[in-house]
Amino acid sequence: MRSKSFRFALIAPALLVILGTTIYPLVYSLLVSFQRWNLTKSTEPGPFVALENYVRAFGDKNFINSGVVTVKFTVISVSMSIVLGLVIALILNRPGRLADLMKTLLIFPFAMAPALKGFTWRFLLDGSFGFLDRIIDTLFPPMANIAWLASPNWALFWLAVTEVWGWAPYIALVFIGALGTMSTEMVDAAKVDGANSLQLLWHIILPTLTPILLVITLFKTIYSLKMFDQVVTMTGGGPGRATETLNFTVYRTAFANFDMGYASAQAYILVIVQLLFAVFYVRSLLGKGGAK
Amino acid sequence: MNSSRLRKVVGEVANKLGMLCILLFVGFPILWVVLTAFKYHKDARSASFLFTPTLQNFVSIFNPPYDFTPYLWNSLIISIGTVAIAVPLAALAAYAFSRFHFRFKNAIMILLIATQFIAPVVIVIPFFTLYSRLGLMDSRIGLIILYLSFSMPFAVWMIKGFIDALPIEIEEAAQVDGCTPFMVLRHVTFPLIMPGIITSAIFAFIGAWNEFLFAMVTTTTNKTLTVGMMILAYQLEGVQWETMSAVGVIVMIPIFILSLTIRDHFVNGITMGAVK
């Protein structure tokens, strides 16, 4: 009996925090998502209107647009992060001080504040004094007249690049960790048998990485759906609505239009999509014995 | 023989070139921000590596009209406050999750992971109206509470991993010697997992320091550094990249130093032990 109250005393404060900072807002948002509530007109939620806000979302051109933008952003940023992460891992997966130093360097872009990532790349791409913009102008003269963040497709691409810049190095570190567990005998045996680098990659390295590839793809997808800061600091959702992700649209509905009911419904649609991926992720996690 | 040696040399050169590309891709944006922070206004607009260095930008960001001193304090106090609440609570809960079995344990553990995935914009909508009512808008404590939503669950998972790795026999021996459960915790378990506690504290600090959305929505004058940068980005005379970069250096350098100290836990930590 004593140990039971001891256990409770241990987890009670943490449970209280989760209850207050996660469960409460989620339940509250869910309720509000079924209500009509414009904060400029009333400080209290209005009448329940069943699924009105949800129905409205699927007929809202701007909301659908942000869904498309989010899918594009997610596909581009996830695939680029994984492929580039793999390339970086293959180059740096070797002993030596130089490689070690580089692996340490890989931590930095990931640790940097996402808001600052957005500012940094905006600076690099600036049409009048962006360093990267000048390099591209010199190397590819036909591209000299492109104003990167004023072109809808390019703006989305560079937004994805800010995300890839942070995540590809991190994913590379994950892959390097996984490659460390690869049996060197198998690699040596394959080399003795005359396998070339491509065969080595295809038949030994990639199969070693397959389980981790699934986990990290799901993980990155969830985080790409969450990405928000760079939209504000780099593109502001523009040009037009070309880089307005779901997150950003919810933010605008809530804090520019103060349409809390509608914003909550939009937010819940995003949460449901995220949860689908989260379920797969948790499964892959439990499958590996992460939670006992 | 010769052709295999040639292949080796070619491979070596290709690898070094690859490393150079990685170095440029990963390091250049950071280097450029750091260099720009030490440039005069006219040099910040050139692409040159040759310039007269100056500390003027660092002086100007801590003086009017764009005084970042209060923002720096806010960032520091809020990040430290978050760590000070999140980590002790997480350590206690982590111990229970690691050592005991109880109802809903797995459900709660999964809920803790879920907190990391939910888009923060969903969390902030209810808090916006709640804080307006409670008078917690624009307050440090309001932000600390919001930051607990992601930092505490993360710390629970991380510290649980460290306790899991500690043999239970050590605790049992202490109990045989007459220690109460709480004394075991205080004098045996926690001292032994101190590296884990420090690591999770650093993760919590980084998360709070880098946060942007919650701070942007709930603050108006009491901004943090990341949100404060927005002021510099929307000036009539255009973005002042050299001042901006100086703030950027203040934002990123402490985080780089801290992340170096948790280098070994970086990979497993982020995914909460999913990749080992």
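Is the crossing in which α6(A) passes α13(B) left-handed or right-handed?

1. The crossing of α6(A) past α13(B) is left-handed. In this predicted model, helix α6 (residues 114–125) of chain A packs against helix α13 (residues 241–261) of chain B at an angle of about 145°, and their axes are 11 Å apart. On the α6(A) side the contact is made by Leu116(A), Phe119(A), Thr120(A) and Phe123(A), while α13(B) brings Trp241(B), Met244(B), Gly248(B), Val251(B) and Met252(B). Sorted by class, this contact holds 7 nonpolar and 2 polar residues, with no charged residues.

2. Turning to the whole interface between the chains, 74 residues of chain A and 70 residues of chain B take part in the contact. Helix α1 (residues 2–33) of chain A supplies the largest share of the side of chain A that touches chain B, namely 16 residues. That side of chain A is made up of 57 nonpolar, 12 polar and 5 charged residues.

3. Within chain A, the axes of α3(A) and helix α10 (residues 197–226) come within 9 Å of each other and cross at roughly 140°. Because the angle has that value, α3(A) counts as oblique to α10(A), and the crossing of these helices is right-handed. From α3(A), the residues Thr70(A), Phe73(A), Thr74(A), Ser77(A), Val78(A), Ser81(A) and Ile82(A) meet Thr217(A), Lys220(A), Thr221(A), Ser224(A) and Leu225(A) of α10(A). The contact of α3(A) with α10(A) comprises 4 nonpolar, 7 polar and 1 charged residues.

4. As for confidence, chain A has a mean pLDDT of 89, with 97% of its residues reaching 70 or more. Among the elements of chain A, the highest mean pLDDT, 96, belongs to helix α3 (residues 61–92), and the lowest, 79, to helix α9 (residues 184–192).

5. Chain B is divided into domain 1 (2–56) and domain 2 (60–270), and the C-alpha centres of these two domains of chain B lie 33 Å apart. Their contact takes 8 residues from domain 1 of chain B and 7 residues from domain 2 of chain B.

6. Which elements give two or more residues to the side of domain 1 of chain B that touches domain 2 of chain B? They are α1 (2–37) and α2 (41–44) of chain B, and α1(B) gives the most, with 4 residues. By class, this side of domain 1 of chain B has 4 nonpolar, 3 polar and 1 charged residues.

Notes:
Residues numbered from 1 in each chain as written. Chains lettered and ligands numbered in written order. Predicted model: local features only at pLDDT ≥ 70, side-chain atom pairs only at ≥ 80, totals over all residues. Axes fitted to C-alpha atoms, helices over the stretch in contact; angles between N-to-C directions. Left-handed = near helix turned anticlockwise from the far one by under 90°. Contact = placed C-beta atoms within 7 Å. Nonpolar A, V, L, I, M, F, W, Y, C, P; charged D, E, K, R; others polar. pLDDT = per-residue confidence, 0-100. Parallel < 35°, antiparallel > 145°, perpendicular 65-115°, else oblique. Domains from an automatic or database assignment.
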